[in-house]
Structures are given as C-alpha cells and as structure tokens.
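Please keep the sequence and the coordinates in view while reading.

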Amino acid sequence: MAAHLKKRVYEEFTKVVQQQQEEVATKKLRLTKPSKSAALHIDLCKATSPADALQYLLQFARKPVEAESVEGVVRILSEHYYKENDPSVRLKIASLLGLLSKTAGFSPDCIMDDAINILQNKSKLQFKSCRGSSQVIQ
C-alpha cells in the first residue's frame, strides 16, 4: 500500500501541466499635472513676506486655470485672504477671486457668500469699536 501511494505521489509531481496564460487586462494610467490649488498653496506657504506672496499671486495670475480646479483655487485663496494682513496682497487675492468667478462652468455663489459674511463681520466690528468713541466710520 505504501508503495502504491509513493508511486502515485511521484506521478503527480512528475507530470508537466501546461496552463494557458490568460491575457491580463492592462490598466492604462493617465499622467496628470499637479493641481493648481496645491501649487498655489505651497507657493503662498513659502512666502516669507508680503512682497513674496504678491509675487506668487502675480505669477499665478498669468497662468490659465482649468474649470475643474477653480473650486480648489478659490478655497485656497479665501483661506489666505483671512490670514493675510497686508492690504496689497488682500487686494490681489480679491481681484483673482473676481477673475475666477467669471470662469465658465463655475458658480460664484460661494465667493459672494464669503464676501457678504466678511463685510457683515467687518461692519459689526467697526460699529462696536466706534460705540465708545465719538467717531463715525463711513
């Protein structure tokens, strides 16, 4: 009996089995460029002074922005607008937001909502600060 099992095992291991290789469906990869919003965010984070930030914004303004990346760029610009204290940089960010709002296929509602909230908060703060003094801010 042991000899029979030994013979059977030997036959199984000595048989050459040829399997046909199935063609594996190849996946095509598409190379993409880094997103404009990521590049802009990195550039603005690298800025050490308002002049540097303004230079990065001017360079960004010269490049075209695809419609699919406008929303991310608007979000990044809005975040940096709140963080920035320099008026010239804030003005350039506001002008870029205005230009981006004209992009075909992009709804500028979020930009308008942010602008309204900023103006409402600014006017409330100015009114509160003037309450104690006799100055009127127009």
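The protein contains six helices and zero strands, where helices (H or I, at least four residues) and strands (E, at least two) are DSSP runs numbered from the N terminus. Along the sequence, the pattern reads α-α-α-α-α-α. The model is predicted, so local features need pLDDT of at least 70 and side-chain atom pairs count only at pLDDT 80 or more, while totals for chains, interfaces and linings use all residues. Residues are numbered from 1 along each chain as its sequence is written, and side-chain values use heavy atoms, with hydrogens and water left out.

Some totals describe the protein as a whole. Of its 138 residues, 22% are buried; buried means under 20% relative accessible area, exposed means over 50%, and partly exposed lies in between (1.4 Å probe, protein chains only). The protein exposes about 11700 Å², of which carbon and sulfur atoms supply 55%; accessible areas come from the Shrake-Rupley method with a 1.4 Å probe, and for residues only the protein chains shown count as cover. Among contacts (heavy atoms within 4.5 Å), those with a separation of 6 or more involve residues 24 or more positions apart in 63% of cases.

How many salt bridges does a search of the whole structure find? The search finds two, a salt bridge being a side-chain nitrogen of Lys or Arg within 4 Å of a carboxyl oxygen of Asp or Glu. Side chains of opposite charge can pair when their charged atoms come close.

Another salt bridge links E79 and R75, whose side chains meet at 3.8 Å, N to O. These residues lie four apart in helix α4 (residues 70–83), and therefore about one helical turn separates them. With a relative accessibility of 31%, E79 is partly exposed; R75, at 48%, is also partly exposed.

A further lysine, K63, sits in the loop between α3 (50–62) and α4. Its relative accessible area is 44%, so K63 counts as partly exposed. K63 and K36 are 27 residues apart in sequence, and their C-alpha atoms are 9.4 Å apart in space.
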